[in-house]
Amino acid sequence: MTPLSEHLHSLGEWRHLCVDMQCLFFEATPWHVEWMKRVLPLVEEVAGRHAERTVFTRFIPPENASDMPGTWQHYYEKWWMMTRKQLPSGLIELVPSLARLVPPARVFDKATYSPWICGRLHATLAEQGVSTLVISGGETDVCVLAAVLGAIDLGYRVILLTDAVCSGADESHEASLELLGERFSVQLELTETDRFLQCI
C-alpha cells in the first residue's frame, strides 16, 4: 500500500467523490453489494465532516434497454428487471444517511460506469479549481475503478480510501487495489479513512 503523503496541506483544492452509494445496491436487489453496509459508516464519516466538499454520483439505469447505445442494450436486456420501467423509483436514491447531506453535498447522475463521459463533472470541478479527489463508494472493481482511472487520465491527484470502498466480489476487489497501488503509484495514493481524516 502506498503511504499517504505527510504533507496533506499540499492537497490543494480537494473534493470527496463518493461513488454510487445508492439503495439500488444497498437493498435486496439483483445488484445488492453486501459489503456496502460494512463501509457505510466510514463513508458517512468523511461525507458528514466534509459535506460541502462531497460529490455523490448516482448510477441511473435507463427507462428501457432500447434507450441505451450499443452493448449497453444487451446489458439491460440481461438486467431488464433493473431498468427504471421495472424498478421502484426510490431505489436509485442515495442511502438515506447520505441523502440528508444534500445540500451542501452535491449529486451527479451518470448512465455509465464512469462519471467522466459527458464532461460535466470535470467541467464543474475545473471551475472550482479542484486538483485532488478523495474517492469512496462502490464497486471497487467497476464504477470506482472507472472513476479512478478517468480521474488519473484527467490529471487529478487521487486518494483512494481502501476501507471505504466495496465490491460484491472479494477477489476482484483485492486485485483492483493491488493493480492501482502498483501501477499508478505516482498519480494515486491508497490509505485508510481514519488516517486521512487525522491528517487533514
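Pro-103 sits in the loop that links helix H4 (96–99) to strand E3 (106–110). Helices (H or I, at least four residues) and strands (E, at least two) are DSSP runs, numbered from the N terminus. The model is predicted: local features need pLDDT of at least 70, side-chain atom pairs count only at pLDDT 80 or more, and totals for chains, interfaces and linings use all residues. Residues are numbered from 1 along each chain as its sequence is written, and side-chain values use heavy atoms, with hydrogens and water left out.

The peptide bond from Val-102 to Pro-103 is cis. Another cis bond runs from Gly-138 to Glu-139. Glu-139 belongs to the loop between strand E4 (132–138) and H6. Most residues other than glycine have a negative phi, and most peptide bonds are trans.

| Cis peptide bond | Omega |
|---|---|
| Val-102 to Pro-103 | near -20° |
| Gly-138 to Glu-139 | near -10° |

Asp-20 is not a glycine, yet its phi is positive, about 55°. Its place is the loop between strand E1 (14–19) and helix H1 (23–26). Asp-20 has 1% relative accessibility and counts as buried. Buried means under 20% relative accessible area, exposed over 50%, partly exposed in between (1.4 Å probe, protein chains only).

Helix H6 (residues 143–153) is mostly covered, with eight of its 11 residues buried. Among them are Cys-143, Val-144, Ala-147 and Val-148. Just after H6, Gly-155 takes a positive phi of about 95°.

Contact means heavy atoms within 4.5 Å. Beyond its neighbours within four places in sequence, Ile-135 touches Val-144, Ala-147 and Val-148, among others. Its contacts also include Leu-17 and Val-19.

Now the whole chain. It has eight helices and six strands. Their order along the sequence is β-α-α-β-α-α-β-α-β-α-β-α-β-α. The radius of gyration is 16 Å, close to the 16 Å from the globule rule for 200 residues, so the chain is as compact as a globular protein of that length. That radius is taken over C-alpha atoms; the rule is 2.2 Å times the number of residues to the power 0.38. The C-alpha trace spans about 50 × 35 × 30 Å along its principal axes. Of the 200 residues, 50% count as buried.
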